[in-house]
Amino acid sequence: KVGKTSLIMSLVSEEFPDEVPLRAEEITIPADVTPERVPTHIVDYSEAEQTDEQLYQEISKANVICIVYSVNNKKSIEKVTSHWIPLVNDRTDKDSRVPLILVGNKSDLVEHSSMETILPIMNQYQDIETCVECSAKNLKNISELFYYAQKAVLHPTGPLYCPEEKELKPSCIKALTRIFKISDLDNDGVLNDNELNFFQKTCFNTPLAPQALEDVKNVVRRNMTDGVRDNGLTLKGFLFLHTLFIQRGRHETTWTVLRRFGYDDDLELTQEYLFPLIKVPPDCTTELNHNAYLFLQSVFDKHDKDRDCALSPEEVKDLFNVFPYMPWGPDVNNTVCTNDEGWITYQGYLSQWTLTTYLDVQRSLEYLGYLGYSIIYEQESQAAAITVTRNKRIDLQKKQTQRSVFRCNVLGARGSGKSGFLQAFLGRNLQRQMRIREDHKSYYAISTTYVYGQEKYLLLHEVMSDFDILSEPDLSCDVVCLVYDVNEPRSFEYCAKVYKECFLDSKTPCVVVAAKSDLHEVRQQYSQSPLDFCRKHKLHPPQPFTCNTTEAPSKDLYTRLTTMAMYPHMAQADLKNSTFWLRASLGATVFAVLGFAMYKVVLKHR
């Protein structure tokens, strides 16, 4: 008798019913007549008509529950805390409590408000979203009541704000801080007018008028000393504004921002946001496209504060501040090029992103998601940053490829010099390699090479020496490097065995590398010498290689490997022709010099 059914009927017919049934039929308000554009099912409950079991079932299905009391009936107000709230709480999971709306009906019968009695109850129970007084008889606040109920589901206060402390919850601060850092495009710690407008347009599809921008900043200035700096909004000011929105009942503003940046109702980034669907058929690879590289360059620029074209440990930490964990370990510094201080260079940074995208595209999508790629580049998802290359078989048929990343698996007996071969590719001689800690070692090395003037990435992967456990990924690649130690008599046998068992009939080009060529060459204990073996199997003669040099080791051999990976159909024919090698290597040298000059120009511009 508090007026539950009357409230529903007054909403539907827009007039107070003369006769009220025990229970209203379930009704659905269609999406197009609600401000939030979501269909809403309203379910009545009657103690006279329904069992407790039916009530419990309805509670378990509900997204929001309105507990109605009569403002002129003290007993019905007491029953809110003595009966209804405990009953609802017993029937819902503690971690996913249903928001409650307290509804004081029959306000037309009293002069006074029941709010004084209700406020302590609201403070006691966090699940209570709001309280509204209304009258089914004179239609006061009826549509508002159902609007608040919708809002409690779509824009709940619970995850955002702590009413007792009157401040944002830690998880909300964490999410908004990430949003602020992504939106702070120049990383100066404030959102200037351009950045605020970009943010506004991204979240609400409309820029702010200059006067509105000033008004926002003035509100912050009036309320706190360090909310505005250099005429831009600081993180403190940004968080204050959202606290203000929530305190004024405009939760939807904060929720719109959070959802635009990928957050769900629990303030976690959604799986759909972090891992958009991307199909990679067999024999195809994944690469970053031009826009993705432009975005990553801008992220690098944003964090390279001292403009030395390398990221110091502090700058790396700052860059990954928007991640829930540190994605790069110390092994990354031994996977890509670094400067003399061991800091990742601009080239090395792009190489690491290229490697991640090639080996684990899902992880790359996740990382781009944390950095806000799809938001800043206004794309549907991070998948727009990825190019899936065509099937390798088609490349072979057409005798050309559009790919930019080529994989070279490096095989050889234990101690043959594989790790040295990888590190030499990154410009490190033996002396520099000696300083690498065993637990910081990497089984990958990636950098750029130039083939006929085209910049390509060569990815070297050191395969474990246990011959018995070579897996499919260990063998599938674009070119194979078989490394043996010229100073160790049993070393070549491993290369010969791997070649005969795994690559004899394959179309993958192979190169034999005579490592540690600065040492005395001993006779290999194998039925054929390495040179005779290569002649018999129509391979290039063993390529001498050493990383025991005073300067950075030579890059020529890596250019050859990339060329063979790009033109596998020529590996058995033209590639034997020494002029082909000369042309490819010469092209590489010219473009490496050109590339460096260009880079200096770009740097000056930056």
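**Ser114 and other selected sites**

Author: Ser114 sits in the loop between strand E4 (100-105) and helix H4 (115-124); helices (H or I, at least four residues) and strands (E, at least two) are DSSP runs, numbered from the N terminus. The model is predicted, so local features need pLDDT of at least 70 and side-chain atom pairs count only at pLDDT 80 or more, while totals for chains, interfaces and linings use all residues. Residues are numbered from 1 along each chain as its sequence is written, and side-chain values use heavy atoms, with hydrogens and water left out.

Is Ser114 buried or exposed? Its relative accessibility is 3%, so Ser114 counts as buried. Buried means under 20% relative accessible area, exposed means over 50%, and partly exposed is in between (1.4 Å probe, protein chains only). Leaving out residues up to four places away in sequence, Ser114 touches Tyr69, Val71 and Glu133, where contact means heavy atoms within 4.5 Å.

Ser10 belongs to helix H1 (residues 4-13). Ser10 counts as buried because its relative accessibility is 2%. Once residues up to four places away in sequence are set aside, the contacts of Ser10 are Glu15, Phe16, Pro17, Ala136 and Leu139.

Next come the salt bridges. A salt bridge is a side-chain nitrogen of Lys or Arg within 4 Å of a carboxyl oxygen of Asp or Glu. How many salt bridges does this rule give? The count comes to 16 salt bridges. One of them joins the side chains of Lys217 and Asp193, at 2.6 Å from N to O. This pair links distant parts of the chain, 24 residues apart: Lys217 is in helix H8 (residues 210-223) and Asp193 is in helix H7 (residues 193-204). Lys217 has 0% relative accessibility and so counts as buried, whereas Asp193, at 26% relative accessibility, counts as partly exposed.

Lys217 also meets the side chain of Glu214 in a salt bridge, at 3.3 Å from N to O. Lys217 and Glu214 are separated by about one helical turn because they are three residues apart in helix H8. Glu214 has a relative accessibility of 26% and therefore counts as partly exposed. Through salt bridges that share partners, Asp193, Glu214 and Lys217 are joined into one network. Another salt bridge is between the side chains of Glu493 and Arg490, at 3.4 Å from N to O. Glu493 counts as partly exposed, with a relative accessibility of 31%.

His303 is placed in helix H12. With a relative accessible area of 6%, His303 is buried. His303 and Asn187 are 116 residues apart in sequence, yet their C-alpha atoms are 7.0 Å apart in space. Apart from neighbours within four places in sequence, His303 is in contact with Asn187, Leu311, Glu315, Asp318 and Leu319.

The loop between helix H12 (290-303) and strand E12 (310-311) holds Asp306. Cys309 lies in the loop between H12 and E12 as well. Asp306 has a relative accessible area of 43% and is partly exposed, while Cys309, at 10% relative accessibility, counts as buried. Cys309 is not a glycine, but its phi is positive, at about 60°.

Asp306 is also a member of a surface patch. Which residues gather there? Asp306, Asp308, Asp340 and Glu341 form a patch of negative charge on the surface. Patches are made of residues with over 30% relative accessible area and no salt bridge, with like charges joined within 9 Å and nonpolar side chains (Val, Leu, Ile, Met, Phe, Trp, Tyr) within 5 Å.

Another positive phi of about 60° occurs at Asn231, which is not a glycine. Asn231 is placed in the loop between strand E9 (228-229) and strand E10 (232-234). Its relative accessible area is 38%, so Asn231 is partly exposed.

Leu359 counts as partly exposed, with 36% relative accessibility. Thr286 lies 73 residues from Leu359 along the chain, and the C-alpha atoms of the two are separated by 8.1 Å. Not counting residues up to four places away in sequence, Leu359 touches Arg407 and Tyr444.

Key:
Areas by Shrake-Rupley, 256 points an atom, 1.4 Å probe, with all protein chains shown as cover. Lys, Arg positive; Asp, Glu negative; His and termini not counted. Charge placed at Lys NZ, Arg CZ, Asp CG, Glu CD.
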